[in-house]
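Subject: Handover of a structure and summary of findings

Dear colleague,

Please find below the structure that I am passing on to you.

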Amino acid sequence: MKGKKNGKTGSVLAGQLLVLAAAVLIFALLWSVIWIFVTSRCVSDASDEMKSKMIDVSRNLPFDESSHIVRYRAETILEGDLPVLDGAAALFPLYSAFTEAIYPEESVVYDEKSGDFDPASALQFHNTVRGFNALLDGSVDVFFSAYPSEEQLESARKAGVTIRFVPIGKEAFVFLVNEKNPVDSLTQEELRGLFTGKITNWKQVGGADRPVHPIKRIAGSGSQSTLEAFLGGEKVYTNPLGFMGASIGYSFRWYTTEVVKEGGVKILSVDGVYPDPDTVSDGTYPLSTKFYAMYRTDNENGNIQTLLDFILSEEGQELIEKSGYCRIGAD
């Protein structure tokens, strides 16, 4: 009797261990799938790989012999009340070059240890969202960016602030896919379809049989605001199976070619036209877009107009071209 009982207990224990082993195996397989299709495709913001794809302010400072900016010094240097400059990350090397061109060297104060500009520095970098808010509250005089989003414009209206937008150059709004994606060109209609959920599989546009994974940027960023304008108010579609498919993203040409460089991505042609400096400048590329110097209309600092006169002059426009962007040209 006792032997039978022990045998039965052993069988139950073996069964429990078998169930536990199966559960552990299923759990391991589940996490392996998550790692392959999700975690392994993500890169930490703090990683060296991610940092290499971001604007390194310390390498694009004015008045620094090792700086990566285009170095130029104009004959006339600003004096007196100096406009405080800020802007989008993708334009920092450009307005840093403007600073070196016509600002006194002592006007820029940067702390290498903290990686921040002194509050008294005439050059600042808060990126698009915080920089635009600084323009509204008056702590920044001139802000460089793509055209703001409707939400940002509404925040300006609520604050009772009127902004003047001065177009100073052109850029290409570009769409990006993995370099192994067989699709090289899309129409504007197809692009809108991919981002709004009308097209959910790449095979619908001549690609592989894989789900489309549209990537969305932070609200208020220059690229996100430009995408929203391109979509005409429609929301970006979130594909629940997109993480198992192939992604499509967006940015500006300069950032993609000068910062990301060999990032394993390729820029798509749009309506059969590839975005290069010539097609962007002459408007052949259909998604050529302007970028602006913005300032409050109630700002009475006379040096703002002097700065803009320089930027729009031949030497200022040449500085824009040498920095990798396109001059504003004629509409």
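Two strands are said to pair if DSSP finds at least two bridges between them. Helices (H or I, at least four residues) and strands (E, at least two) are themselves DSSP runs, numbered from the N terminus. Please note that this is a predicted model, in which local features need pLDDT of at least 70 and side-chain atom pairs count only at pLDDT 80 or more, while totals for chains, interfaces and linings use all residues. Residues are numbered from 1 along each chain as its sequence is written, and side-chain values use heavy atoms, with hydrogens and water left out.

Overall picture

The protein chain holds eleven helices and twelve strands. Of its 331 residues, 44% count as buried; here buried means under 20% relative accessible area, exposed means over 50%, and partly exposed lies in between (1.4 Å probe, protein chains only). Among contacts (heavy atoms within 4.5 Å) with a separation of 6 or more, 75% are between residues 24 or more positions apart.

Strand β5 and its partners

Strand β5 covers residues 163-178, and twelve of these 16 residues are buried, so the strand is largely enclosed by the rest of the structure. Which strands pair with β5 in the antiparallel sense? Strand β11 (residues 288-296) runs antiparallel to β5 and is joined to it by nine bridges; within this pairing, R164 has Y295 as its bridge partner. Strand β8 (residues 246-252) is also antiparallel to β5, with five bridges, and there F175 stands opposite Y250. Three bridges link β5 with strand β9 (residues 265-267), again in the antiparallel sense, and N178 of β5 faces V265 across this pairing. Strand β12 (residues 326-327) is antiparallel to β5 as well and is joined to it by two bridges; its residue C326 stands opposite K170.

Helix α5

Helix α5 (residues 150-158) has Q152, L153 and A156 as buried residues. Viewed down the helix axis, the buried residues of α5 fall within an arc of 100° (taken from the directions from the helix axis to the C-beta atoms), so they line one face of the helix. An α-helix has 3.6 residues a turn, so residues three or four places apart point the same way. On the face of α5 turned away from the buried side are the exposed residues E150, E151 and K158. The buried residues of α5 pack against α4 (127-137), β5 and α7 (222-230). Just after α5, G160 takes a positive phi of about 70°.

Nonpolar cores

A nonpolar core is a set of buried Ala, Val, Leu, Ile, Met, Phe, Trp, Tyr and Cys residues joined through side-chain atoms within 4.5 Å. The largest one has 42 residues, of which F98 and F144 touch the most other members. At least two residues of this core come from each of α3 (92-102), β4 (142-145), β5, α8 (253-260), β11, α10 (303-312) and α11 (314-322). Helix α3 gives the largest share, seven residues. When neighbours within four places in sequence are left aside, F98 is in contact with Y103, F144, I168, F310, I311, G316, L319 and I320. Another core, of 32 residues, lies apart from the largest one and includes I199, V205, L231 and I267.

The second largest pocket

On a 1 Å grid over the protein atoms alone, a pocket is an open set of points where a 1.4 Å probe fits, with protein on both sides within 12 Å along at least five of seven lines; lining residues have an atom within 4 Å of a point. The second largest pocket has a volume of about 560 Å³, a volume being the space filled by probe spheres set on the points, which are joined across faces, edges and corners. It is lined by 26 residues, and those closest to its centre are S225, T226, E228, A229 and F230. Helices α5 and α7 and strand β11 each supply at least two residues of this lining, and the largest share, six residues, comes from α7.

N127, in helix α4, has a positive phi of about 70° although it is not a glycine. At 34% relative accessibility, N127 counts as partly exposed. D271, in the loop between β10 (269-270) and α9 (277-281), has a positive phi near 55° and is likewise a residue other than glycine. With 39% relative accessibility, D271 counts as partly exposed.

Yours sincerely
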